[in-house]
Amino acid sequence: MSALSALLVFLISFAIVAVFCKMPVSFALGTSSLLVLAYGGFQLVTVPQFAFSGLDSFALLAIPFYIFAGVLMEYSGISKMLIDWVKSFVGHVRGATGIITTCACMAFGVLTGSAMATISAIGKMMVPEMEKEGYPHGYTSALLAATCFLGILIPPSVPGIMYALASGAKISEIWMSTIGPAFIFAIGYFIINYWRIGRHQTKPEKVEFHFSTKAMEIGKSTIYAIPALLMPIIIYGSIYGGLCTVTEAGAVSCVYGIIYFFALKVIRRTQIQITFWRCCAIAGASTATIGLLNAFSAVAGKVMTLAGISSFLSNLITENIASKAGFLLMINILFLFMGTFMDINATILIMTPLLLPVAQTYGISAVHFGAIMIVNMCVGFLTPPFAVGIFVSTKIAHSTFGDTLKEAVPFMGVGLIAIIITTLCPGYVDFFMHLFA
């Protein structure tokens, strides 16, 4: 069996099972791997061993902890706390509601790590506010779709953990590498929001500014938001303070989430409309999905090595792409395209073992390669033809796909700028990593 024929069997069977049969990506990976093993005459008994090795990792324990903590915080009503806190800083400037939405999505995404949860929670709070101020439905929908993934770029990030496991890099370094691109997105969105909405709004009346009054307003909102702000403080402080590992910090944040959930349940019974066991079920379902994906991706990775697919692709790329610039252009196009229709975690687990060794031959570090991959996949949330973020945001903002797509073009431009800077300026990516080293 040649490596090319094994690759074709894998890709064709994966497309048939995942796309045409509409099976989950993890099952499609497992099925394709089994077919390649059977086609090549390998022993199928090794499949359970490969799957177990994919789950036998202490670092992998961090994922269920962060997911569970995020679910508890998501359903504890923290979205209003974060919005009020951001609003106290922004003040009464033109286009403030759009700025608040962007910042709130960043803050909420940090706590939950979920793009879809961010759209739902922040969207339900901010869409009525933007409607009152005359924001077009298409722009509101595009803004939500463009900001929902910012929490993935700011730690703690589950895709960052997945990439670290697949590449062997340190989780903390991968987390820090995407903070710089997140700032590029945020600044670009602020500029778009002012140009599209803010400059058309009437200038607010001048009011006499008193520093003490403003400080008191910020202080009150900060005290009110302490329960939400404590979560990232606990995580970052314990990790970068050298108190515990990333996995142990996840367990600590999980304990804090449980304590906060039950405390709020006692103090304000009507605020939480969901039971603790329902939160457990939601977190368990998400964890099981990622666990299956991790197990079967490990199987696929081993199968590709046994069949010689990894070596074949490595030689094919190095023989036909002579320069580092050509390789960087290729992976950006590939990851951006895959981000439009594939789950970010699945792409990370499939493509990292195949392309990272090749990237390192061109002098690209594992951290820089991971930042390029994650940023491209995030922009894919906003990019047609599938554009998962747009499909979800249109329902919340009561818009149409066409109107949202027109308004999303400038946000896609910011995404391309972030991709270019991330690709061409590894020093900018590494700056934040070294800052917390």
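Leaving aside its neighbours within four places in sequence, phenylalanine 369 is in contact (heavy atoms within 4.5 Å) with Tyr163, Ile331, Phe335, Leu355, Leu356, Ala359 and Ile364. The model is predicted, so local features need pLDDT of at least 70 and side-chain atom pairs count only at pLDDT 80 or more, while totals for chains, interfaces and linings use all residues. Residues are numbered from 1 along each chain as its sequence is written, and side-chain values use heavy atoms, with hydrogens and water left out.

Phe369 is also among the residues with the most contacts inside the largest nonpolar core, together with Tyr66, Phe149, Phe185, Phe327 and Phe411. This core has 151 residues. A nonpolar core is a set of buried Ala, Val, Leu, Ile, Met, Phe, Trp, Tyr and Cys residues joined through side-chain atoms within 4.5 Å; buried means under 20% relative accessible area, exposed over 50%, and partly exposed in between, with a 1.4 Å probe and protein chains only. The most residues in the core, 11, come from helix α19 (residues 344-361). In soluble globular proteins, nonpolar side chains tend to be buried together.

The secondary structure of the protein chain consists of 23 helices and zero strands; both kinds of element are DSSP runs numbered from the N terminus, helices being H or I of at least four residues and strands E of at least two. Of the 437 residues of the chain, 53% count as buried. Among contacts between residues at least 6 apart in sequence, 79% join residues at least 24 apart. Along the principal axes, the C-alpha atoms of the chain fill a box of roughly 80 × 45 × 45 Å.

The structure holds 19 aromatic pairs. Rings of Phe, Tyr and Trp (its six-membered ring) pair if their centres lie within 6.5 Å; planes under 30 degrees apart count as stacked, over 60 as edge-to-face and the rest as tilted. Two of the pairs are set out below.

| Pair | Centre to centre | Angle between planes | Arrangement |
|---|---|---|---|
| Phe185 and Tyr189 | 6.0 Å | 55 degrees | tilted |
| Tyr256 and Tyr260 | 6.3 Å | 10 degrees | stacked |

Phenylalanine 185 and tyrosine 189 are four residues apart in helix α12, which means that about one helical turn separates them. Tyrosine 256 and tyrosine 260 are likewise four residues apart, about one turn, in helix α15 (residues 246-267). Both Phe185 and Tyr189 are buried, and both Tyr256 and Tyr260 are buried.

Side chains of opposite charge can pair when their charged atoms come close. How many salt bridges does a search of the whole structure find? The search finds two, a salt bridge being a side-chain nitrogen of Lys or Arg within 4 Å of a carboxyl oxygen of Asp or Glu.

Glutamate 407 counts as buried at 17% relative accessibility, whereas arginine 196 is partly exposed at 30%.

The other links glutamate 129 to lysine 132, with the closest N and O atoms 3.9 Å apart. These residues are three apart in helix α7 (residues 115-132) and therefore separated by about one helical turn. Glutamate 129 is partly exposed at 32% relative accessibility, and lysine 132 is exposed at 67%.
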